[in-house]
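Keep the viewer open and follow along.

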Amino acid sequence: MMTRLKKRYWIPAIILLIIVIVSLYGWRYWLAFKDEHNLSVDWQGLDISLDGLSFAELSISQQPQLSLKANNIKLSWSTLTAKSIDIYWQPIGLTDKSTLPKVADNVNQQLEQSRFNSSLISTVIYWLPKTIKVDSLKFYQQKNELVNLKVEATKNQNTIELNLASNTQDMATLAGNVSFNQSHSCFVIESGILTTSLHHFGIEKGNLTLPFSGVLTDKQLTLKSSDKALLNIDKAKFSDDLLVQKLVGKLVFELVIPIPFQSRQINGNVALIINQFNGIYKASAIKSAVGDISILVKNNQLSISTSSLTIQEVNIGVSFEKVKLAGSYLASLDKPLNGIVKWQLAQATIFSGLVFLDKGQLNFAKLPQQFNLRLKKLQLKDIFAKYPAEGLAGDGAIDGTLPVTLLPSSKKGSALTEVIIKNGQLVTVNEGSLRFDNSALKNYALANPNMKILTDLIKNFHYTKLSGTVNYANEIAKLGLNIQGSNRDVENDKAVNLNINLEENIAKLIISLQLADQINEPIRKRIEAYLKRKS
């Protein structure tokens, strides 16, 4: 009877012995691991049961840089759950000065061990529970919260299926499969997809769907799009000058981010395909832009280029339509405004004619710089329609060349460059006519009989040649016109040579034209604020 009773407890006793041995071995391994990596561990509310371990609170730190605090943790062979995990990161350069010598030693040691510890990572992944759920995973840097995520992960052999969701108003979700390649000592990210509403960088309403893949090593993180990302922005204010009212597009990208993170060492290539863009730049309305833009950041250099960008209309008070651009801009990230712009194509329709630039380039680091603005077949009737004056009409076409010079701005708080035009040339393509007859002109002729012939001439003046000079500086344009022709009803069609000089404040003229048009409310507010500052 006693023999049978003893045999009955052999199996439980053996199982218990095995558990004790494994526990002791695991505990010894944990102590060695903790000492090797300079970890300090503290916990409260430890509970051990057949379901596993549970902690009311668990703290792990690797001073002076890293600490982890977790609440309501439950751990078993198959599952890890936690109510919250907070991770605090302190950059080396911002630690207390008294710790700098020790920190420097740690950094040197980490640099010597530059590669991932493949066997350690593989071991950690092997012993990870099959499912992991964390209600709130927060990352802090210098006590500033960077992200707050809900985490769900499922392990399938050596691959972890990861799902992250934002716990903030950003409404972001991130999913992907993460595996560790032991032979190349790197993490591989596959089938990644980021879906997020956009509420940063001045964006008020927008969303982004971003499929991607990547590779993480001890030295860098490489991310690239696995398909075209979808971008939709309904409203954004990227700066005081630039407002986006609608942006719909697709983008592909590749980024190489150094570890530890240094913004100036990021290399990346982003290609944006614009399907629709409406916006405002300063006091100019941009409507229906489509095309491609490529942005390349490499070796602290910024390159922006387009092979084809078309804008239906740019309205600055004067409407430029069917704008076509192709070119590039290259600058240093240290001095992004002192770059070189090159263009192969720059043209627009205006007053039923064409305004364009010959192929060329400008170096903003070496001002002054000059280029020629070409005018071709601008229609007088359209010009007079845009600048209406009582009794003034005409027809004909004008060509011209305006030498534009960019100078460094001498005014504080104004644009970075100033524009001057010196001795621009205008000439008519063929014959045309001018008609000017209004009440003010008639009263002028009555008060000054000597001017009656002139007023009679310009009531219906047919010109054979119209030429002029254009000069512009300090917002003032000066136009000198020479008109040759006659009035068939006056002086027996005698040939007449007229010289006319005009002067106009272009800034005030454009503002008056904008206020006269049905402009966007944001532009109206900008103009009113500008006028208030000037007054």
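S433 sits in strand β26 (residues 432-436); strands here are DSSP runs of E, at least two residues long, numbered from the N terminus. This is a predicted model, where local features need pLDDT of at least 70, side-chain atom pairs count only at pLDDT 80 or more, and totals for chains, interfaces and linings use all residues. Residues are numbered from 1 along each chain as its sequence is written, and side-chain values use heavy atoms, with hydrogens and water left out.

**Around S433**
- S433 counts as buried because its relative accessibility is 4%, buried being under 20% relative accessible area with a 1.4 Å probe and protein chains only.
- Its side chain makes a polar contact of 2.9 Å with the side chain of D395, and another polar contact, 2.8 Å, links the side chains of S433 and R435.
- A polar contact is a pair of N or O atoms within 3.5 Å; within protein, one must be able to donate a hydrogen and the other to accept it, and residues adjacent in sequence count only if both atoms are side-chain atoms.
- Leaving aside neighbours within four places in sequence, S433 is in contact with A393, G394, D395, F461, H462 and Y463, contact meaning heavy atoms within 4.5 Å.

**Around N363**
- You'll find N363 in strand β21 (residues 360-363).
- N363 is buried too, since its relative accessibility is 14%.
- Once neighbours within four places in sequence are set aside, N363 is in contact with G339, I340 and Q369.

- β17 (residues 301-315) and β18 (residues 319-332) pair in the antiparallel sense over 12 bridges; two strands pair if DSSP finds at least two bridges between them.
- Across that pairing, L302 stands opposite A331 in β18.
- The two strands, β17 and β18, form a hairpin with three residues between them, and G317 in the turn has a positive phi of about 110 degrees.
- β18 also pairs in the antiparallel sense with β19 (residues 340-350), over eight bridges, and Y329 has V341 in β19 as its bridge partner.

**Lining of the second largest pocket**
- Which strands each supply at least two residues of the lining of the second largest pocket? They are β4 (66-75), β5 (79-89) and β6 (131-141).

Methods: Helix = DSSP H or I, 4+ residues; strand = E, 2+ residues; numbered from the N terminus. Buried < 20%, exposed > 50% of the residue type's maximum accessible area, 1.4 Å probe, protein only.
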